[in-house]
Amino acid sequence: MNPEHSHLSKKERRQLRRGERIAAELHQTRRRFTRRIAVWSSVLIGIGTVVFMIVKLSTQPPASGVPVVPSRIEITPEDWIKGESGSKVVLVEYSDFQCPACGTYYPILKQLYKEFGDRLQFVYRHFPLEQHRHADLAARAAEAAGRQGRIWEMHDLLFEGQATWANQNHPEEMFIGYARQLGVDIERFRADLDSREGKKAVEEDRISGNRVGVNSTPTFFLDGVIIQNPRNYDEFRNLLQQAIESRS
Amino acid sequence: MNSEISSNRPSRAVPNRIIASFLVISFIGFADATYLTAKHYSGTPLECSVFESCEKVTTSRYATVLGIPVALLGAIYYLAIFLSLIAYLDLRREGILSFTALFTIVGLLASAWFVYLQLFVIQAICPYCMVSAVASTVLFLLGMLALKKKRVSC
C-alpha cells in the first residue's frame, strides 16, 4: 500500500485504487490505439508508395531496342514505299501484322500519312515474330498482293482484320477473301502466297532488321536513324514535324 | 473452455515464419499484379518483343472478365490477403487467419485456370502471369500449413 494514502479511509483507498486501475487501462487502450494507427498508416503508406513506383515504372518507355551505335538504314529498290520519291522525310517501319502494338500504330500512321503525305515517304518492312503464328503468312499475303500492285490495300485490310484472323487456325481463307475484295487475280495470289520469292522477300526484311538491331515491333527509323516509339499521335506528329522543318 | 481461450489469443502453433512468408508472398503477388494492371491501363502496348510473348497473353480475350482486367482482380486478391494478415497480427483473432487460409483456394483455382489457358489455349507464356501463379500456389500451401498447425494445437 502507498504510505502517503495511509490517512485515507478504507473506502476512499478502494476508490482510489479503482481510479488508478481505470486510468492504467485507459492509458493502455490509448497506447494500443496509437500503435494500431501507426501500423495501419505505415502499411497504407507503404502500399501507396509501392503502387506509385510500379505505375511509374510500367509507363516508362522501354529502354531496350535502341542499339548503342545507331545504324543508318537506306531504302532499297525491293522496299515497299508509299509516297513520292522527292519527299523530305523517310519513315521506315519494321512491323508484324499480328503484333497488337503494330495494330495500335496502324491508325496513327494512316492519319500521319494523310497529314504529311506529300512530304513523307513511308516504307513497310516485315519483321514477323516467332510468337505470332500467322505473322509470316500474313506478311506473305501482303507480298503476294504487292506483286499485283495492291500492297497498301492489303496492308490496311490485314491490320483492320487483325483481331479476327489472329485467333483463327487457318487464316489463309480470310487472306484470300481480302484478295478477292481487292479484285486481284486469285489464282496468282494463291500461288504467290506460297512462292519461294514471297518467303524470300519476307525473310530478307527480317534479316535486315536483325542486322540493324530490331528486336521488337514496331521499330521505326526516321531518316535512317532508329527512334524511340512515340507514345501517341501527337508525339509522333511533333517528331515528323521537326524532321520536316529541319530539312527546309 | 480451452478452445475459448485460444480463440482470442495469439496462436503459438502457427509459427511467425509462416505469417511472415504469407506477408512476403502476397506482397510479391500484389506488386506483380499491380504492374500488369498498370500496363493494361497505360493504354497502347508499345511494342511486341522478340524475347517475350506477354502481350499475346495480356491482350487476349481471356485477359478481362466483364471488362475488368484479370490483373486488377489479382491485385485486389493479393492485397486482401496481405491486409487480412496485417489485421490478424493486429487483432489476433484466429478466425481471420483461418478464413484467409481457406480463401487462398480461390487464388489457386484461378491460377490453375490461367496456366491452363496460357499453355493450351493461347499457347504463349507470360512470365509475369507465371510469377503470379507460383505466388498463388505458395500462398495456398502456406494456408494449408497454417490450418494444419492450428488444428494440431486445438
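Between which two helices of chain B is the place of Arg92(B)? Arg92(B) is in the loop between helix H4 (70–91) and helix H5 (94–121) of chain B. This is a predicted model: local features need pLDDT of at least 70, side-chain atom pairs count only at pLDDT 80 or more, and totals for chains, interfaces and linings use all residues. Residues are numbered from 1 along each chain as its sequence is written, while chains are lettered from A and ligands numbered from 1 in the order in which they are written.

**Chain A overall**

- Chain A has nine helices and six strands. Helices (H or I, at least four residues) and strands (E, at least two) are DSSP runs, numbered from the N terminus.
- Buried residues make up 32% of the 248 residues in chain A. A residue is buried if 20 or more other C-beta atoms lie within 10 Å of its own, exposed if 12 or fewer, and partly exposed in between; C-beta atoms are placed from the backbone.
- Among contacts in chain A with a separation of 6 or more, 78% are between residues 24 or more positions apart. Two residues are in contact if their C-beta atoms, placed from the backbone, lie within 7 Å.

**The sheet**

- Five strands of chain A form an open sheet in the order S1-S3-S2-S5-S6, with mixed pairing. The edge strands are S1 and S6 (225–227), and each pairs on one side only.
- On average, neighbouring strands of this sheet are turned by 30° against each other, direction ignored. Such angles run from 0 to 180 degrees between N-to-C directions, and axes are lines fitted to C-alpha atoms, for helices over the stretch in contact.
- Strands of a sheet pair through backbone hydrogen bonds, either parallel or antiparallel. Here, two strands pair if DSSP finds at least two bridges between them.
- S1(A) (residues 80–82) pairs with S3(A) in the antiparallel sense over three bridges. In this part of the sheet, Lys82(A) stands opposite Phe122(A) in S3(A).
- S2(A) and S3(A) run parallel and are joined by seven bridges. Val92(A) stands opposite Val123(A) in S3(A).
- From S2(A), the chain crosses through helix H2(A) (residues 100–116) to S3(A), and this β-α-β crossover is right-handed. That means that, with the strands pointing away from the viewer, the path from the first strand over the helix to the second runs clockwise.
- S3(A) (residues 120–126) is largely enclosed by the rest of the structure, because six of its seven residues are buried.
- S2(A) and S5(A) (residues 219–222) run antiparallel, with four bridges between them. Tyr94(A) has Thr219(A) in S5(A) as its bridge partner.
- S5(A) and S6(A) also pair in the antiparallel sense, over three bridges. Leu222(A) stands opposite Val225(A) in S6(A).

- Glu93(A) is in strand S2(A) (residues 89–95). It is partly exposed, with 18 other C-beta atoms within 10 Å.
- Glu93(A) stands opposite Phe220(A) in S5(A). The two are 127 residues apart in sequence, but 4.6 Å apart in space, C-alpha to C-alpha.
- Leaving aside neighbours within four places in sequence, Glu93(A) is in contact with Val123(A), Tyr124(A), Arg125(A), Pro218(A) and Phe220(A).

**Helices**

- Helix H9(A) (residues 233–247) lies across S2, S3, S5 and S6 of chain A, running at about 145° to S2(A).
- Helices H6(A) (residues 172–182) and H7(A) (residues 186–193) pack at an angle of about 140°, with their axes 10 Å apart.
- H6(A) and H7(A) are therefore oblique to each other. Angles under 35 degrees count as roughly parallel, over 145 as roughly antiparallel, 65 to 115 as roughly perpendicular and the rest as oblique.
- Ile176(A), Ala179(A) and Arg180(A) in H6(A) meet Ile186(A), Phe189(A) and Arg190(A) in H7(A).

**Backbone exceptions**

- Most residues other than glycine have a negative phi, and most peptide bonds are trans.
- Thr217(A) and Pro218(A) are joined by a cis peptide bond, with omega about -10°. Pro218(A) is in the loop between S4 (216–217) and S5 of chain A.
- Asp223(A) takes a positive phi near 50° in the hairpin of S5(A) and S6(A), which has two residues between the strands. With 16 C-beta neighbours inside 10 Å, Asp223(A) counts as partly exposed.
- Arg92(B) has a positive phi of about 55°, although it is not a glycine. Arg92(B) counts as partly exposed, with 14 C-beta neighbours inside 10 Å.
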